[in-house]
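Biologist: Could you take a close look at one part of this structure with me? I'm new to this, so please keep it plain and walk me through it.

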Amino acid sequence: MASILIPELPAPGFSFENCQRNSFLAQKGFPAPKATKTGTTIVGIIYADGVILGADTRATENTVVSDKNCQKIHYLAANMYCCGAGTAADTEMTTQTVASQLELQRLHTGRTVPVETASTLLKRMLFRYQGYIGAALVLGGVDRTGPHIYCIYPHGSVDKLPYATMGSGSLAAMAVFESGWKPNLSEEEGKKLVRDAIAAGIFNDLGSGSNVDLCVIRNSGPAQYLRTYEEANIKGKKQGSYRYPLGTTAVLKQRVIPLDVESVSIHPVQPMEVETH
Amino acid sequence: MSFGLPSIKVKPEYGSNVKKQDGTFGVPDPFVEGLGSTKPKLGISHPLEVSERNYHLNEEKMNMAMLRNIQGIHAPLKLSMETKFTKKIGRLPFLPSSNLQNDVITGRYLDIGFEDILNTPELCEVAGQPHAVVERSLGLI
(Lines give C-alpha, C1' and ligand atoms only; values in the text may rest on other atoms or scores of the structure.)
Protein backbone atom coordinates (compact mmCIF):
# COMPACT_ATOMS: atom_id res chain seq x y z
CA MET A 1 0.00 0.00 0.00
CA ALA A 2 1.74 3.15 -1.22
CA SER A 3 1.98 6.40 0.66
CA ILE A 4 4.21 9.47 0.77
CA LEU A 5 6.07 8.47 3.93
CA ILE A 6 6.41 4.83 2.95
CA PRO A 7 6.71 4.75 -0.84
CA GLU A 8 6.61 1.42 -2.61
CA LEU A 9 10.19 0.63 -3.54
CA PRO A 10 10.23 -0.61 -7.13
CA ALA A 11 11.01 -4.31 -7.46
CA PRO A 12 14.23 -5.10 -9.35
CA GLY A 13 13.76 -6.28 -12.92
CA PHE A 14 11.37 -4.92 -15.52
CA SER A 15 9.41 -1.81 -14.62
CA PHE A 16 5.92 -1.37 -16.08
CA GLU A 17 5.56 2.27 -14.96
CA ASN A 18 5.33 3.73 -18.42
CA CYS A 19 2.90 1.24 -19.97
CA GLN A 20 -0.22 3.22 -19.07
CA ARG A 21 1.39 6.42 -20.29
CA ASN A 22 2.42 4.71 -23.55
CA SER A 23 -1.07 3.38 -24.26
CA PHE A 24 -2.52 6.83 -23.47
CA LEU A 25 -0.06 8.47 -25.91
CA ALA A 26 -0.79 5.85 -28.59
CA GLN A 27 -4.49 6.62 -28.19
CA LYS A 28 -3.81 10.32 -28.70
CA GLY A 29 -1.88 9.60 -31.92
CA PHE A 30 1.77 9.25 -30.81
CA PRO A 31 2.60 5.54 -31.17
CA ALA A 32 5.84 4.11 -29.80
CA PRO A 33 8.82 3.88 -32.21
CA LYS A 34 9.36 0.52 -33.86
CA ALA A 35 12.21 -1.67 -32.59
CA THR A 36 14.96 -2.84 -34.94
CA LYS A 37 14.08 -6.30 -36.19
CA THR A 38 16.54 -8.62 -37.80
CA GLY A 39 14.26 -10.04 -40.61
CA THR A 40 16.74 -12.78 -41.06
CA THR A 41 17.88 -16.08 -42.40
CA ILE A 42 19.53 -18.22 -39.75
CA VAL A 43 20.32 -21.91 -40.16
CA GLY A 44 22.08 -24.74 -38.38
CA ILE A 45 23.02 -28.27 -39.46
CA ILE A 46 24.62 -31.32 -37.92
CA TYR A 47 27.41 -32.76 -40.03
CA ALA A 48 29.86 -35.63 -39.54
CA ASP A 49 32.15 -33.92 -36.97
CA GLY A 50 29.86 -31.41 -35.26
CA VAL A 51 27.54 -28.54 -36.15
CA ILE A 52 27.68 -25.64 -38.60
CA LEU A 53 25.66 -22.47 -37.95
CA GLY A 54 25.04 -19.83 -40.60
CA ALA A 55 23.43 -16.40 -40.69
CA ASP A 56 23.04 -13.39 -42.98
CA THR A 57 24.06 -9.91 -41.75
CA ARG A 58 21.23 -7.47 -42.45
CA ALA A 59 19.24 -5.65 -39.73
CA THR A 60 16.10 -3.79 -40.80
CA GLU A 61 13.83 -1.16 -39.28
CA ASN A 62 10.59 -1.83 -41.19
CA THR A 63 11.67 -1.02 -44.78
CA VAL A 64 15.05 0.60 -44.09
CA VAL A 65 18.28 -1.36 -43.64
CA SER A 66 19.66 -0.15 -40.31
CA ASP A 67 22.82 -2.30 -40.16
CA LYS A 68 24.48 -3.75 -43.27
CA ASN A 69 26.89 -5.96 -41.36
CA CYS A 70 25.52 -7.00 -37.99
CA GLN A 71 26.55 -10.13 -36.08
CA LYS A 72 23.73 -12.61 -35.66
CA ILE A 73 25.74 -15.56 -34.34
CA HIS A 74 26.15 -14.96 -30.60
CA TYR A 75 28.59 -16.60 -28.23
CA LEU A 76 27.03 -18.70 -25.46
CA ALA A 77 29.90 -20.92 -24.35
CA ALA A 78 33.11 -22.31 -25.83
CA ASN A 79 31.18 -25.30 -27.18
CA MET A 80 27.93 -23.54 -28.11
CA TYR A 81 26.86 -20.65 -30.32
CA CYS A 82 23.37 -19.28 -30.91
CA CYS A 83 21.93 -17.53 -33.98
CA GLY A 84 19.18 -15.02 -33.24
CA ALA A 85 16.24 -13.77 -35.32
CA GLY A 86 13.48 -11.36 -34.31
CA THR A 87 13.97 -8.13 -32.35
CA ALA A 88 17.72 -7.41 -32.37
CA ALA A 89 17.94 -6.10 -28.79
CA ASP A 90 15.96 -9.05 -27.45
CA THR A 91 18.21 -11.67 -29.05
CA GLU A 92 21.32 -9.81 -27.90
CA MET A 93 20.24 -9.46 -24.24
CA THR A 94 18.76 -12.96 -24.02
CA THR A 95 21.89 -14.62 -25.36
CA GLN A 96 24.16 -12.53 -23.14
CA THR A 97 22.09 -13.32 -20.03
CA VAL A 98 22.07 -17.03 -20.81
CA ALA A 99 25.79 -16.96 -21.60
CA SER A 100 26.49 -15.60 -18.10
CA GLN A 101 24.17 -18.16 -16.52
CA LEU A 102 26.00 -20.92 -18.41
CA GLU A 103 29.36 -19.62 -17.21
CA LEU A 104 28.10 -19.65 -13.60
CA GLN A 105 26.85 -23.20 -14.14
CA ARG A 106 30.19 -24.27 -15.58
CA LEU A 107 32.09 -22.78 -12.64
CA HIS A 108 29.65 -24.37 -10.17
CA THR A 109 29.79 -27.91 -11.63
CA GLY A 110 33.34 -27.84 -13.04
CA ARG A 111 32.34 -29.51 -16.34
CA THR A 112 31.50 -28.29 -19.84
CA VAL A 113 27.83 -27.46 -19.87
CA PRO A 114 25.60 -29.67 -22.07
CA VAL A 115 23.68 -27.98 -24.89
CA GLU A 116 20.42 -29.13 -23.35
CA THR A 117 21.07 -26.86 -20.34
CA ALA A 118 21.27 -23.82 -22.60
CA SER A 119 18.07 -24.79 -24.37
CA THR A 120 16.26 -25.27 -21.04
CA LEU A 121 17.46 -21.90 -19.70
CA LEU A 122 16.43 -20.14 -22.89
CA LYS A 123 13.00 -21.72 -23.07
CA ARG A 124 12.27 -21.04 -19.40
CA MET A 125 13.17 -17.38 -19.82
CA LEU A 126 11.16 -16.97 -23.03
CA PHE A 127 8.10 -18.73 -21.59
CA ARG A 128 8.27 -16.58 -18.47
CA TYR A 129 7.84 -13.48 -20.63
CA GLN A 130 5.06 -15.09 -22.69
CA GLY A 131 6.43 -14.15 -26.11
CA TYR A 132 6.94 -10.44 -25.34
CA ILE A 133 10.67 -11.06 -25.75
CA GLY A 134 10.77 -11.49 -29.53
CA ALA A 135 13.75 -13.80 -29.86
CA ALA A 136 13.68 -16.78 -32.24
CA LEU A 137 16.93 -18.71 -31.88
CA VAL A 138 18.83 -21.54 -33.50
CA LEU A 139 21.10 -22.98 -30.82
CA GLY A 140 23.89 -25.29 -31.88
CA GLY A 141 26.68 -26.93 -29.94
CA VAL A 142 28.69 -29.98 -29.13
CA ASP A 143 28.94 -31.70 -25.75
CA ARG A 144 29.92 -35.14 -24.45
CA THR A 145 26.77 -36.69 -25.92
CA GLY A 146 27.50 -35.38 -29.43
CA PRO A 147 26.38 -32.50 -31.66
CA HIS A 148 22.93 -30.92 -31.19
CA ILE A 149 20.78 -28.32 -32.96
CA TYR A 150 17.76 -26.80 -31.22
CA CYS A 151 15.37 -24.22 -32.59
CA ILE A 152 13.66 -22.10 -29.93
CA TYR A 153 10.59 -20.01 -30.67
CA PRO A 154 9.72 -16.66 -28.97
CA HIS A 155 6.92 -18.16 -26.88
CA GLY A 156 9.19 -20.77 -25.40
CA SER A 157 8.72 -23.95 -27.44
CA VAL A 158 11.77 -25.96 -28.46
CA ASP A 159 12.44 -28.32 -31.36
CA LYS A 160 15.43 -30.65 -31.53
CA LEU A 161 16.37 -31.34 -35.15
CA PRO A 162 19.26 -32.41 -37.39
CA TYR A 163 18.87 -29.19 -39.42
CA ALA A 164 16.90 -26.04 -38.61
CA THR A 165 16.13 -22.66 -40.16
CA MET A 166 14.46 -19.58 -38.64
CA GLY A 167 13.63 -16.03 -39.65
CA SER A 168 11.85 -14.51 -42.62
CA GLY A 169 14.15 -16.32 -45.06
CA SER A 170 13.62 -19.67 -43.36
CA LEU A 171 11.43 -21.10 -46.12
CA ALA A 172 14.00 -20.41 -48.83
CA ALA A 173 16.77 -21.89 -46.68
CA MET A 174 14.67 -24.91 -45.67
CA ALA A 175 13.99 -25.67 -49.35
CA VAL A 176 17.76 -25.94 -49.91
CA PHE A 177 18.20 -28.19 -46.86
CA GLU A 178 15.32 -30.47 -47.72
CA SER A 179 16.83 -31.23 -51.11
CA GLY A 180 20.52 -31.16 -50.08
CA TRP A 181 20.98 -32.43 -46.51
CA LYS A 182 22.00 -36.00 -45.80
CA PRO A 183 23.51 -37.56 -42.66
CA ASN A 184 27.32 -37.50 -42.22
CA LEU A 185 28.19 -34.66 -44.55
CA SER A 186 31.88 -33.76 -44.76
CA GLU A 187 32.99 -30.31 -43.52
CA GLU A 188 33.37 -28.85 -47.04
CA GLU A 189 30.00 -30.20 -48.16
CA GLY A 190 28.39 -28.92 -44.96
CA LYS A 191 29.83 -25.41 -45.35
CA LYS A 192 28.74 -25.30 -48.99
CA LEU A 193 25.21 -26.42 -48.07
CA VAL A 194 24.90 -23.77 -45.34
CA ARG A 195 26.30 -21.10 -47.66
CA ASP A 196 23.75 -22.10 -50.33
CA ALA A 197 20.91 -21.97 -47.82
CA ILE A 198 21.85 -18.50 -46.57
CA ALA A 199 22.36 -17.29 -50.16
CA ALA A 200 18.85 -18.56 -50.98
CA GLY A 201 17.55 -16.45 -48.09
CA ILE A 202 19.62 -13.41 -49.09
CA PHE A 203 18.53 -13.37 -52.72
CA ASN A 204 14.90 -14.40 -52.29
CA ASP A 205 13.89 -12.60 -49.08
CA LEU A 206 13.83 -8.82 -48.69
CA GLY A 207 14.53 -8.99 -44.97
CA SER A 208 17.88 -10.79 -45.38
CA GLY A 209 20.94 -9.59 -47.22
CA SER A 210 24.59 -8.54 -47.24
CA ASN A 211 27.10 -11.20 -46.21
CA VAL A 212 27.15 -14.82 -45.07
CA ASP A 213 28.56 -15.59 -41.60
CA LEU A 214 29.44 -19.16 -40.62
CA CYS A 215 30.38 -20.81 -37.37
CA VAL A 216 31.83 -24.33 -37.33
CA ILE A 217 31.80 -26.15 -33.96
CA ARG A 218 33.70 -29.42 -34.12
CA ASN A 219 33.53 -32.35 -31.70
CA SER A 220 37.08 -31.61 -30.56
CA GLY A 221 39.01 -28.39 -30.81
CA PRO A 222 37.88 -24.78 -30.59
CA ALA A 223 34.89 -23.38 -32.46
CA GLN A 224 35.70 -21.50 -35.66
CA TYR A 225 33.75 -18.28 -36.24
CA LEU A 226 34.05 -17.34 -39.92
CA ARG A 227 32.85 -13.75 -39.89
CA THR A 228 32.05 -12.77 -43.47
CA TYR A 229 32.60 -16.21 -44.97
CA GLU A 230 31.32 -14.76 -48.23
CA GLU A 231 30.34 -11.27 -49.32
CA ALA A 232 27.26 -12.07 -51.37
CA ASN A 233 26.30 -8.45 -52.09
CA ILE A 234 29.17 -6.18 -53.04
CA LYS A 235 28.41 -2.46 -53.31
CA GLY A 236 29.25 -1.03 -56.75
CA LYS A 237 32.38 1.12 -57.20
CA LYS A 238 32.06 4.69 -58.47
CA GLN A 239 33.29 4.86 -62.09
CA GLY A 240 34.72 8.38 -61.90
CA SER A 241 34.83 11.60 -59.93
CA TYR A 242 31.64 13.64 -60.02
CA ARG A 243 33.05 16.77 -58.38
CA TYR A 244 32.74 20.11 -60.22
CA PRO A 245 36.08 21.75 -61.18
CA LEU A 246 37.02 25.04 -59.42
CA GLY A 247 35.60 28.01 -61.28
CA THR A 248 32.34 26.36 -62.45
CA THR A 249 30.44 28.84 -60.29
CA ALA A 250 31.63 32.50 -60.63
CA VAL A 251 32.95 34.14 -57.40
CA LEU A 252 31.51 37.65 -56.89
CA LYS A 253 33.12 38.78 -53.60
CA GLN A 254 35.80 37.39 -51.30
CA ARG A 255 36.60 38.51 -47.70
CA VAL A 256 39.29 36.84 -45.54
CA ILE A 257 39.03 37.31 -41.75
CA PRO A 258 42.25 36.13 -40.07
CA LEU A 259 41.90 34.83 -36.51
CA ASP A 260 44.71 36.32 -34.36
CA VAL A 261 46.11 34.16 -31.56
CA GLU A 262 46.06 36.43 -28.50
CA SER A 263 47.84 34.23 -25.93
CA VAL A 264 48.94 30.61 -25.45
CA SER A 265 48.93 29.00 -21.98
CA ILE A 266 49.73 25.39 -21.11
CA HIS A 267 48.09 23.67 -18.08
CA PRO A 268 49.56 20.24 -17.30
CA VAL A 269 46.79 17.81 -16.22
CA GLN A 270 47.46 15.14 -13.59
CA PRO A 271 45.42 11.96 -14.21
CA MET A 272 43.06 11.21 -11.31
CA GLU A 273 44.21 8.56 -8.82
CA VAL A 274 41.86 5.63 -9.43
CA GLU A 275 42.18 2.36 -7.56
CA THR A 276 42.61 -0.56 -9.94
CA HIS A 277 42.29 -4.18 -8.79
CA MET B 1 -8.93 -40.47 -8.49
CA SER B 2 -8.15 -37.54 -6.21
CA PHE B 3 -5.79 -37.77 -3.26
CA GLY B 4 -6.94 -34.47 -1.79
CA LEU B 5 -3.46 -32.99 -2.33
CA PRO B 6 -2.91 -29.24 -2.84
CA SER B 7 -3.04 -27.97 -6.43
CA ILE B 8 0.22 -27.09 -8.15
CA LYS B 9 -1.48 -24.76 -10.64
CA VAL B 10 -1.03 -21.03 -10.02
CA LYS B 11 -4.26 -19.10 -9.45
CA PRO B 12 -4.39 -15.78 -11.35
CA GLU B 13 -4.65 -12.55 -9.36
CA TYR B 14 -7.75 -10.47 -10.06
CA GLY B 15 -8.07 -6.69 -9.87
CA SER B 16 -10.94 -7.00 -7.42
CA ASN B 17 -8.59 -8.12 -4.65
CA VAL B 18 -7.20 -4.62 -4.13
CA LYS B 19 -7.41 -3.53 -0.48
CA LYS B 20 -7.39 0.12 0.47
CA GLN B 21 -5.96 1.44 3.69
CA ASP B 22 -8.82 3.61 5.08
CA GLY B 23 -8.27 6.41 7.60
CA THR B 24 -10.67 7.83 10.14
CA PHE B 25 -13.44 8.96 7.77
CA GLY B 26 -13.51 5.96 5.46
CA VAL B 27 -11.14 7.56 2.94
CA PRO B 28 -7.34 7.16 2.81
CA ASP B 29 -5.71 9.72 5.17
CA PRO B 30 -3.96 12.32 2.92
CA PHE B 31 -1.26 12.91 5.55
CA VAL B 32 -0.18 9.31 5.29
CA GLU B 33 -1.15 8.17 1.82
CA GLY B 34 -0.68 11.40 -0.12
CA LEU B 35 -3.07 13.59 -2.09
CA GLY B 36 -3.43 11.26 -5.09
CA SER B 37 -4.44 8.22 -3.07
CA THR B 38 -8.19 8.83 -3.29
CA LYS B 39 -8.12 7.85 -6.99
CA PRO B 40 -7.34 4.17 -6.90
CA LYS B 41 -4.94 2.76 -9.48
CA LEU B 42 -7.39 0.75 -11.54
CA GLY B 43 -6.51 -1.65 -14.27
CA ILE B 44 -3.33 -3.47 -15.10
CA SER B 45 -1.03 -1.61 -17.49
CA HIS B 46 0.66 -4.72 -18.94
CA PRO B 47 -0.40 -8.38 -19.02
CA LEU B 48 2.98 -9.42 -17.64
CA GLU B 49 2.94 -7.03 -14.66
CA VAL B 50 1.02 -9.30 -12.30
CA SER B 51 2.88 -12.40 -13.41
CA GLU B 52 6.27 -10.76 -12.91
CA ARG B 53 5.41 -9.30 -9.51
CA ASN B 54 4.54 -12.72 -8.13
CA TYR B 55 6.91 -14.84 -10.19
CA HIS B 56 9.26 -16.02 -7.44
CA LEU B 57 6.42 -16.46 -4.94
CA ASN B 58 4.50 -18.62 -7.39
CA GLU B 59 7.59 -20.66 -8.19
CA GLU B 60 8.13 -21.24 -4.47
CA LYS B 61 4.46 -22.22 -3.97
CA MET B 62 4.60 -24.65 -6.90
CA ASN B 63 7.76 -26.30 -5.61
CA MET B 64 6.34 -26.62 -2.08
CA ALA B 65 3.11 -28.11 -3.41
CA MET B 66 5.06 -30.66 -5.46
CA LEU B 67 7.16 -31.59 -2.43
CA ARG B 68 4.02 -31.98 -0.33
CA ASN B 69 2.52 -34.28 -2.96
CA ILE B 70 5.64 -36.41 -3.35
CA GLN B 71 7.31 -36.50 0.06
CA GLY B 72 4.61 -35.54 2.53
CA ILE B 73 4.08 -32.51 4.77
CA HIS B 74 7.49 -32.63 6.49
CA ALA B 75 9.45 -31.56 3.39
CA PRO B 76 7.78 -28.17 2.74
CA LEU B 77 7.56 -27.55 6.49
CA LYS B 78 11.30 -27.88 7.04
CA LEU B 79 12.22 -25.88 3.93
CA SER B 80 9.71 -23.10 4.66
CA MET B 81 11.02 -22.86 8.21
CA GLU B 82 14.58 -22.37 6.94
CA THR B 83 13.45 -19.81 4.36
CA LYS B 84 11.56 -17.87 7.07
CA PHE B 85 14.76 -17.71 9.13
CA THR B 86 16.66 -16.22 6.20
CA LYS B 87 14.00 -13.51 5.76
CA LYS B 88 14.13 -12.48 9.44
CA ILE B 89 17.58 -10.92 9.43
CA GLY B 90 18.57 -8.74 12.36
CA ARG B 91 18.33 -5.49 10.43
CA LEU B 92 15.82 -2.63 10.65
CA PRO B 93 13.32 -2.61 7.77
CA PHE B 94 14.53 0.63 6.15
CA LEU B 95 18.19 -0.43 5.96
CA PRO B 96 19.39 -2.11 2.73
CA SER B 97 20.29 -5.77 2.87
CA SER B 98 22.10 -8.02 0.42
CA ASN B 99 19.82 -11.00 1.27
CA LEU B 100 22.83 -13.28 0.87
CA GLN B 101 21.53 -16.10 3.03
CA ASN B 102 18.14 -16.05 1.31
CA ASP B 103 19.84 -16.11 -2.10
CA VAL B 104 21.97 -19.09 -1.13
CA ILE B 105 19.04 -21.08 0.25
CA THR B 106 16.82 -20.43 -2.77
CA GLY B 107 19.69 -20.97 -5.23
CA ARG B 108 19.50 -17.45 -6.67
CA TYR B 109 23.24 -16.88 -5.97
CA LEU B 110 24.00 -19.04 -9.01
CA ASP B 111 21.56 -17.19 -11.24
CA ILE B 112 21.81 -13.96 -13.26
CA GLY B 113 18.61 -12.51 -14.59
CA PHE B 114 17.02 -9.19 -15.40
CA GLU B 115 16.56 -8.58 -11.63
CA ASP B 116 20.34 -8.17 -11.31
CA ILE B 117 20.76 -5.84 -14.27
CA LEU B 118 17.67 -3.64 -14.46
CA ASN B 119 16.33 -1.42 -11.68
CA THR B 120 18.78 -2.59 -9.02
CA PRO B 121 18.13 -1.34 -5.45
CA GLU B 122 21.35 0.78 -5.46
CA LEU B 123 19.85 3.03 -8.13
CA CYS B 124 16.52 3.55 -6.36
CA GLU B 125 15.62 7.25 -6.15
CA VAL B 126 12.99 7.03 -3.41
CA ALA B 127 13.39 6.07 0.21
CA GLY B 128 10.89 5.78 3.02
CA GLN B 129 11.05 7.92 6.10
CA PRO B 130 12.71 5.56 8.65
CA HIS B 131 10.28 6.14 11.54
CA ALA B 132 7.26 5.58 9.33
CA VAL B 133 8.78 2.44 7.81
CA VAL B 134 9.42 0.93 11.23
CA GLU B 135 5.91 1.87 12.40
CA ARG B 136 4.43 0.24 9.31
CA SER B 137 6.40 -2.95 9.91
CA LEU B 138 5.08 -3.03 13.50
CA GLY B 139 1.54 -2.43 12.28
CA LEU B 140 1.08 0.93 14.04
CA ILE B 141 0.38 2.92 10.84
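Biologist: At what angle do helix α3 and helix α4 of chain B pack, and how far apart are their axes?

Modeller: Happy to! Keep in mind that this is a predicted model. In chain B, helix α3 covers residues 55-71 and helix α4 covers residues 74-87. The two pack at an angle of about 145°, and their axes are 7 Å apart. Now look at who touches whom. From α3(B) come Glu60(B), Met64(B), Leu67(B), Arg68(B) and Gln71(B). They meet a set from α4(B), namely His74(B), Ala75(B), Pro76(B), Leu79(B), Ser80(B) and Thr83(B). Sort the residues of this contact by class and you get five nonpolar, four polar and two charged.

On the α4(A) side, the residues in contact are Ala172(A), Ala173(A), Val176(A), Phe177(A) and Gly180(A). Their partners in α5(A) include Leu193(A), Val194(A), Asp196(A) and Ala197(A). By class, this contact has eight nonpolar, three polar and one charged residues.

Next, zoom out to where the two chains meet. Here 28 residues of chain A are in contact with 36 residues of chain B. The size of an interface is often given as the accessible area lost when the parts come together. For chain A and chain B, the buried area is about 3100 Å², with carbon and sulfur atoms giving 68% of it. The count of salt bridges between the two chains is two. One salt bridge you can find yourself joins the side chains of Glu115(B) and Arg128(A), at 3.2 Å from N to O. Across the interface there are also seven residue pairs in polar contact. On the chain A side, the elements giving two or more residues are α1 (19-27), α2 (88-109) and α3 (115-128). Of these, α2(A) gives the most, with five residues. As for classes, the chain A side has 18 nonpolar residues, nine polar and one charged.

Let's finish with α2(A). Arg106(A) forms a salt bridge with Glu103(A), and their closest N and O atoms are 2.8 Å apart. These two sit three residues apart in the helix, so about one helical turn separates them. Over all chains, the whole structure has 12 salt bridges.

Notes:
Residues numbered from 1 in each chain as written. Chains lettered and ligands numbered in written order. Predicted model: local features only at pLDDT ≥ 70, side-chain atom pairs only at ≥ 80, totals over all residues. Heavy atoms only, no water. Contact = heavy atoms within 4.5 Å. Buried area = accessible area lost by both parts, 1.4 Å probe. Salt bridge = Lys/Arg side-chain N within 4 Å of Asp/Glu carboxyl O. Polar contact = N/O pair within 3.5 Å; in protein donor to acceptor, adjacent residues only side chain to side chain. Helix = DSSP H or I, 4+ residues; strand = E, 2+ residues; numbered from the N terminus. Nonpolar A, V, L, I, M, F, W, Y, C, P; charged D, E, K, R; others polar. Axes fitted to C-alpha atoms, helices over the stretch in contact; angles between N-to-C directions.
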